[in-house]
Amino acid sequence: MNEETAWVAQAQQGSDEAFTKLVETYQTPVFNLCYRMLGEPDLAEDAAQETFLRAFQHLHRYDQKRSFATWLLSIAAHYCIDRLRRRKFSMFSMDAEDEDGNSYELPDPDSPNPEAESVKGQTRDRIHAMLKDLDDTDRAAVIMRYWYDYSEAEIAQSLRLTVSAVKSRLHRARKELAGLWQEEETRAESERRPYESPAF
Amino acid sequence: MNHQPFEEWLLNDKNLTAAEKRELDLHLRTCVHCTALSATGLALRSANVISPVPGFALRFQHRLAAQKIAERRRRFWGLMVLIVSGVGLFGWFAAPYLYAVITSPVEWITAIIGYMLFVATSVQALTQVITVLVHILPDFVPPYIWMVLISAMAGFGLLWTISIWRFSRAPQGVSA
């Protein structure tokens with residue numbers, strides 16, 4: 001029996017301490033999933049806390065044959081999907097805003113190459129911002145696939161879908177993201193042109 | 001423009017051979033659609049994992065403790081409402097009898113004897129009615145009606161048992 005299985009068994013018998021160990025182990029993946037789904041750190045914190053609370057309350061239903069991480073992320077994904085369906089709200093969190101209200105993330109000044117870090121950060125932000133345009137379930141599938149390396153079968157089990165449905169949702173989401181990416185590239189290109197030197 | 005098989009390779013994150021990679025690179029130079037697919041794929045794979053603000057587990061412990069207190073409080077008040085309403089209902093029905101007991105013992109003894117006689121004769125009459133029905137009904141009621149009745153009774157029984165179980169079950173970590 002590995003450490004995690006022991007903690008789960010102890011938590012199923014009512015040990016808060018063992019469950020806290022599980023919270024410490026899985027807080028980052030659960031929080032990240034909630035953040036990618038909901039977009040706002042505050043909402044993600046609340047959703048992640050609620051996920052662990054639900055997991056604790058329904059621990060007796062957990063099947064030891066399944067991966068605990070998959071079970072936990074499945075709770076988080078369903079909670080976020082329900083929440084998004086209940087209230088359709090503005091998703092994108094703003095770490096900082098410019099005068100026009102456009103959002104951007106401040107680059108880390110301590111990083112060795114602030115410019116490169118800033119470009120990387122912008123790319124990550126672009127993807128994060130584009131995720132909000134996807135269907136809720138498609139978004140959950142994309143997050144599980146690319147952030148957690150879940151197989152299509154694991155995603156299907158977590159989201160209660162068939163493997164072929166997961167595959168078609170992932171393809172649709174990827175095409176949608178590519179379309180949005182292309183639109184942004186075109187827009188950025190047209191914004192750059194007026195300032196280009198006529199000599200070029 | 002024909003995107004096949006490049007689009008499939010990109011969407012399925014296929015492991016490419018050196019020759020396929022060269023072919024894809026050539027296609028990407030001329031196809032904006034596949035370039036966007038490739039760029040989003042790269043961006044998704046390089047996306048970072050965000051951690052919560054430090055102290056998450058501690059905040060969870062506080063939330064769990066608050067939840068347990070709220071749950072205990074809810075169960076306590078639920079039980080209180082049940083007890084108070086039960087006692088109130090009992091008092092409402094029992095008040096006239098209690099008053100009679102206190103004011104005139106002869107009357108209530110007579111009333112009890114009368115009530116017991118009424119119950120005994122009612123039971124006797126009911127038994128006779130049921131006996132007659134048991135003899136007569138099978139000839140009138142078709143067998144499928146009996147099956148429906150028995151199934152309905154079994155269903156109600158099951159529903160009742162599940163309701164009792166669900167109501168009496170305490171959630172994980174909350175003692176009664």
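How many residues of chain B are in contact with chain A, and how many of chain A with chain B? Select both chains and look between them: 27 residues of chain B are in contact with 31 residues of chain A (contact means that the C-beta atoms, placed from the backbone, lie within 7 Å).

Before you go on, know that this is a predicted model, in which local features need pLDDT of at least 70, side-chain atom pairs count only at pLDDT 80 or more, and totals for chains, interfaces and linings use all residues. Residues are numbered from 1 along each chain as its sequence is written, while chains are lettered from A and ligands numbered from 1 in the order in which they are written.

**Stop 1: the side of chain B that touches chain A**

Pick out helix H3 (32–45) and helix H4 (56–103) of chain B, the elements that give two or more residues to this side. Helices are DSSP runs of H or I with at least four residues, strands are E runs of at least two, and both are numbered from the N terminus. H3(B) supplies the largest share, nine residues.

**Stop 2: the rest of chain B**

Now show chain B by itself: it has six helices and zero strands. Of its 176 residues, 9% count as buried. A residue is buried if 20 or more other C-beta atoms lie within 10 Å of its own, exposed if 12 or fewer, and partly exposed in between, with C-beta atoms placed from the backbone.

Go to helix H2 (residues 18–30) of chain B. H2(B) is hardly covered, with one buried residue among its 13. B:Asp13 counts as partly exposed because 14 other C-beta atoms lie within 10 Å.

**Stop 3: over to chain A**

Select A:Arg160, in the loop between helix H7 (152–159) and helix H8 (163–192) of chain A. A:Arg160 also has a positive phi, about 55°, although it is not a glycine. Why does A:Arg160 count as exposed? Because it has 10 C-beta neighbours inside 10 Å.

**Stop 4: into the core**

Finish with A:Val30, A:Cys34, A:Ala76, A:Cys80 and A:Ala141, which touch the most other members of the largest nonpolar core, a set of 60 residues. Such a core joins buried Ala, Val, Leu, Ile, Met, Phe, Trp, Tyr and Cys residues through C-beta atoms within 7 Å. Helix H2 (residues 16–38) of chain A gives the most to this core, 11 residues.

Notes. Two residues are in contact if their C-beta atoms, placed from the backbone, lie within 7 Å. The expected span of a helix is 1.5 Å times one less than its number of residues.
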